[in-house]
Amino acid sequence: MSRLDFKTRDRAERTVESLYKDLERRIIASPPGLCPVDMAAAFLKLCHAQTCGKCVPCRVGLGQLENLLQDVLDTNRGGKEVTLDIIPLIEKTAQAIYDSADCAIGYEAANMVLKGIKGFREDYESHILHQRCSASIQKQRQSIACVELCPAGVDVPGYAALVREGRCEDAVKLIRKDNPFPTVCALICEHPCEARCRRNMIDSPVNIRGLKRFAVDNAKTVPVPDRMPETGKKVAVIGGGPTGLTAAYFLSLMGHKVKIFEKREQLGGMLRYGIPSYRLPRERLQEDIDAILSAGVEVETNYDMANEAATEAIRKEYDAMYIGIGAHIHKQIGIPGEYSRGVISAVEMLRGIGDGSMPDFAGKEVVVIGGGNVAMDVARTAKRLGASNVSIVYRRRRDDMTALPEEIDGAVVEGCDLLALKKPARIEANAEGAVQRLWVKPQIIGTNDSAGRPSPVDADLPEEEIPCQIIISAIGQATDTAHFEKIGIPVNRGNIKAQSTSGIDGFPGIFAGGDCVTGPSTVIAAIAAGKVAAANIDAYLGYHHEIEVDIDIPEPRIEDKPACGRIDLRVRLAKDRGGDFMEVEQGMTAQEAMQEASRCLRCDRFGYSAFRGGRTSKW
């Protein structure tokens with residue numbers, strides 16, 4: 001008789017593994033708008049099924065928590081009285097399990113319940129008092145995940161269906177109803193819409209940005225809608241970046257007279273002065289800007305708002321004002337030697353390139369400090385400017401970088417060295433004050449911080465030197481709000497304090513949005529802020545203009561949706577692209593676009609979303 005057997009997975013084990021993967025995909029595809037209490041109860045039941053039963057907190061406690069949550073959810077209580085007193089009891093029970101369970105299955109399940117009560121207390125109270133979901137859940141008409149997760153609310157299923165029918169011009173028109181930057185977003189959007197795509201339940205999310213790119217690449221000239229009748233109202237927009245241009249576009253379509261005041265020579269803000277042309281070619285950016293200006297928007301460039309007189313002059317002349325300035329100030333590194341010659345900020349470097357001034361990095365060793373998209377942009381740009389070696393120094397792990405994975409991969413493939421877990425300690429300069437090397441302190445990853453990210457701490461290793469002649473700081477940006485603060489506009493931690501409606505307390509007629517309110521964010525978030533501001537400025541001026549588009553959305557095709565691989569966009573070979581500023585990414589072919597569009601499950605017509613309001617045709 002043998003002592004040991006070589007274990008292989010039997011059919012039951014393979015089936016369980018497959019079921020777990022199915023469950024993971026369903027969790028990923030969970031749309032916004034689900035009842036948080038019901039979801040917590042379902043997850044808790046799953047956790048209880050995983051317990052070994054050796055400790056009382058798991059074996060008994062999780063079962064009791066299940067019963068308490070079921071009491072909250074039960075609409076047919078059979079005479080059983082459930083009051084708000086049950087919420088403290090749930091918290092007390094969950095806290096006891098969290099403090100005493102032997103393993104993560106128990107205490108993390110309890111922690112999930114505690115987080116849910118803290119974040120969704122209103123929903124618990126509504127179920128107890130009224131036996132139904134809270135008003136915020138009931139009123140959430142749009143539960144199409146891709147539309148809900150797009151900050152601007154773009155009709156994704158609609159334009160995907162139009163692309164499949166070959167109606168690219170109509171697809172662009174539909175996108176412009178909510179977003180006047182279809183080309184820009186087709187090239188560089190961070191596509192949050194894909195995060196909970198229901199296609200995840202089958203295989204992987206639809207390449208939404210890729211379909212948008214196919215539409216803009218293959219559409220002929222698409223004129224903007226006609227302006228509504230003149231209102232006689234004047235609106236000033238401070239800042240010609242994505243949020244300012246968006247607000248100006250929609251307000252002009254509504255019939256208001258809009259003028260943009262831009263500090264720099266050209267419009268575009270960080271789209272022009274913060275994103276390299278190999279990602280966003282300037283002629284493609286100009287396509288969207290020209291379309292926006294064709295809606296009747298006036299522009300004055302080289303206008304500096306750095307004094308109170310300029311602000312007051314605009315306030316007197318215009319009926320409303322939208323502040324949409326970007327985050328164009330760099331943050332200090334905060335280490336000795338940072339003012340040495342050769343230390344430059346990423347913002348200043350990209351701004352100069354945006355104006356056509358290319359720095360000379362030929363043959364130089366360059367170090368980039370930071371882990372965001374801007375850090376990747378300047379690192380890849382430095383390579384294209386002739387740097388002999390480019391190192392990206394980041395104090396956390398690669399997995400903790402805030403840059404998009406494809407941007408990190410692009411930098412590495414193009415020859416940039418990624419030095420993770422290295423904390424900049426000091427900059428050493430030569431006798432002439434020029435940078436000679438950067439000293440870094442090795443780190444070891446530690447416990448999670450309040451935001452859930454593992455915090456690095458100093459490792460028991462000596463400092464290391466990185467020889468270099470150029471150091472580029474890409475650790476963050478800030479907004480210059482000093483001149484607005486002088487006239488009393490509230491500012492908190494460097495950002496203008498504005499309401500979710502973009503209005504500013506105590507300053508009727510003045511609105512603000514974009515990076516100057518949220519801090520540095522994404523392009524689509526800035527566009528969404530401009531859309532919100534336009535709607536509320538229009539209401540402030542006494543109107544209720546509606547933005548809509550008359551496009552017939554194709555009916556879904558009745559067909560099978562088998563598992564199918566996702567079409568990813570191709571990129572030029574690294575050996576060909578690393579030395580020029582030509583566009584790196586390439587769009588889909590017609591065959592690829594048709595296949596990818598056919599993967600869309602049309603959640604606007606099928607599934608739960610069809611009963612929750614479906615498509616929003618105007619705003």
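R279 has 13% relative accessibility and so counts as buried (buried means under 20% relative accessible area, exposed over 50%, partly exposed in between, with a 1.4 Å probe and protein chains only). The model is predicted: local features need pLDDT of at least 70, side-chain atom pairs count only at pLDDT 80 or more, and totals for chains, interfaces and linings use all residues. Residues are numbered from 1 along each chain as its sequence is written, and side-chain values use heavy atoms, with hydrogens and water left out.

R279 forms a salt bridge with E407, at 3.5 Å from N to O (a salt bridge is a side-chain nitrogen of Lys or Arg within 4 Å of a carboxyl oxygen of Asp or Glu). R279 lies in the loop between α14 and α15 and E407 in helix α19 (residues 405–413), so the pair ties together parts that are 128 residues apart in sequence. Helices (H or I, at least four residues) and strands (E, at least two) are DSSP runs, numbered from the N terminus. E407, at 9% relative accessibility, is buried.

D377 also bridges to R279, with the closest N and O atoms 3.0 Å apart. D377 sits in helix α18 (residues 373–384), so this bridge joins parts 98 residues apart in sequence. D377 is buried, at 2% relative accessibility.

A further bridge pairs E464 with K422 (2.9 Å, N to O). It links strand β13 (residues 464–467), which holds E464, to strand β10 (residues 422–429), which holds K422. E464 is partly exposed at 32% relative accessibility, whereas K422 is buried at 18%. Salt bridges with shared partners also join R209, R213, D217, R284, E287, E583 and E585 into one network. The salt bridges number 42.

Helix α12 has 9 of its 11 residues buried, so it is largely enclosed by the rest of the structure. Among the buried residues are I208, L211, K212 and F214. At the N-terminal end, N207 caps α12, with a side-chain oxygen 2.8 Å from the backbone nitrogen of G210.

The structure holds 1 cavity of 30 Å³ or more. On a 1 Å grid over the protein atoms alone, a cavity is a set of points where a 1.4 Å probe fits but cannot get out; lining residues have an atom within 4 Å of a point. The largest cavity contains about 70 Å³ of space, where a volume is the space filled by probe spheres set on the points. Two or more lining residues come from each of α9 (156–164) and α12 (208–218). The lining includes Y159, H191, I208 and K212.

Terms used: 1 Å grid on protein atoms, 1.4 Å probe; cavity = no way out; pocket = protein on both sides within 12 Å on 5 of 7 lines; lining within 4 Å. Polar contact = N/O pair within 3.5 Å; in protein donor to acceptor, adjacent residues only side chain to side chain.
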